[in-house]
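Q: Could you take me through this structure one feature at a time? I would like to see how each reading is made.

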Amino acid sequence: MVVVDFRTKVRSFPFRGRAAEVIKRFSLTTYLHLIVRWVSCPFELLEEHIPSAGTVYELGCGHGLFLHHLASVRSSPETLCGVDMDRRKISFAKALN
């Protein structure tokens, strides 16, 4: 079992410094949703199973939170591609790329 410190997890939130932008362009609800997803999902554990080279496709990427995370922690981000049925979420992922 992996225990992650809540404060550490929140500090590593990819959009932490862009809260005003996210809220203004999208909504407070979207921002809060992303924080809950970030804190509740073990992205750091998933990251270990992603190859360090090549193209990464995420089906059902939603707002692209995991792909944004991968792009921020990789020294040379490979091609990252997200697919989702919700156009608003894809719009979000592209806008905050």
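Q: How many residues apart are Arg25 and Glu21 in helix H2, and what does that spacing mean?
A: The model is a predicted one. In helix H2, Arg25 and Glu21 are 4 residues apart, so about one helical turn separates them. The two form a salt bridge, with 3.3 Å between the closest N and O atoms. Arg25 is partly exposed at 48% relative accessibility, and Glu21 is partly exposed with a relative accessible area of 27%.

Q: How many salt bridges does the structure hold?
A: The structure holds 4 salt bridges. One of them is between the side chains of Lys9 and Glu44, at 2.8 Å from N to O. Lys9 lies in helix H1 (residues 6-11) and Glu44 in helix H4, so this pair ties together parts that are 35 residues apart in sequence.

Q: Is Lys9 buried or exposed?
A: The cut-off for buried is under 20% relative accessible area. Lys9 has a relative accessible area of 5%, so Lys9 is buried.

Q: Which residues of H6 are buried, and where do they sit around the axis?
A: The way to read a helix is to list its buried residues and then look at their directions from the axis. In H6, the buried residues are Ile90, Phe92 and Ala93. They cover an arc of only 155° around the axis, which puts them on the same side of H6. On the other side of H6, Arg87, Arg88 and Lys94 are exposed.

Q: What covers the buried residues of H6?
A: The cover includes H2, H3, H5 and E2.

Q: Which residue caps the N-terminal end of H6?
A: For a cap, look for a side-chain oxygen and a backbone nitrogen. Asp86 caps the N-terminal end of H6, with a side-chain oxygen 2.9 Å from the backbone nitrogen of Arg88.

Q: Which residues of helix H5 are buried, and what covers them?
A: Helix H5 spans residues 65-73, and its buried residues are Leu65, Phe66, Leu67, His68, His69 and Leu70. Their cover includes helix H3 (28-40), helix H4 (43-47), strand E1 (56-59), strand E2 (80-83) and helix H6 (87-95).

Q: Where is Leu96 found, and what does it touch?
A: Leu96 is found in the segment after H6. With a relative accessible area of 1%, Leu96 is buried. Leu96 touches Phe15, Arg18, Glu21, Val22, Arg25 and His68, again leaving out residues up to four places away in sequence. Among these are Arg18, Glu21 and Arg25, the residues of the salt-bridge network. The C-alpha atoms of Leu96 and His63 are separated by 9.5 Å, and the two residues are 33 residues apart along the chain.

Q: Which residues make a nonpolar surface patch?
A: Ile23, Leu28 and Leu32 make a nonpolar surface patch of about 250 Å². Ile23 lies in helix H2 (residues 19-25). Ile23 is partly exposed, with a relative accessible area of 35%.

Terms used. Residues are numbered from 1 along each chain as its sequence is written. This is a predicted model: local features need pLDDT of at least 70, side-chain atom pairs count only at pLDDT 80 or more; totals for chains, interfaces and linings use all residues. Side-chain values use heavy atoms; hydrogens and water are left out. Buried means under 20% relative accessible area, exposed over 50%, partly exposed in between (1.4 Å probe, protein chains only). Helices (H or I, at least four residues) and strands (E, at least two) are DSSP runs, numbered from the N terminus. Contact means heavy atoms within 4.5 Å. Patches are made of residues with over 30% relative accessible area and no salt bridge: like charges are joined within 9 Å, nonpolar side chains (Val, Leu, Ile, Met, Phe, Trp, Tyr) within 5 Å. Accessible areas come from the Shrake-Rupley method with a 1.4 Å probe; for residues, only the protein chains shown count as cover. The arc is that of the directions from the helix axis to the C-beta atoms. A polar contact is a pair of N or O atoms within 3.5 Å; within protein, one must be able to donate a hydrogen and the other to accept it, and residues adjacent in sequence count only if both atoms are side-chain atoms.
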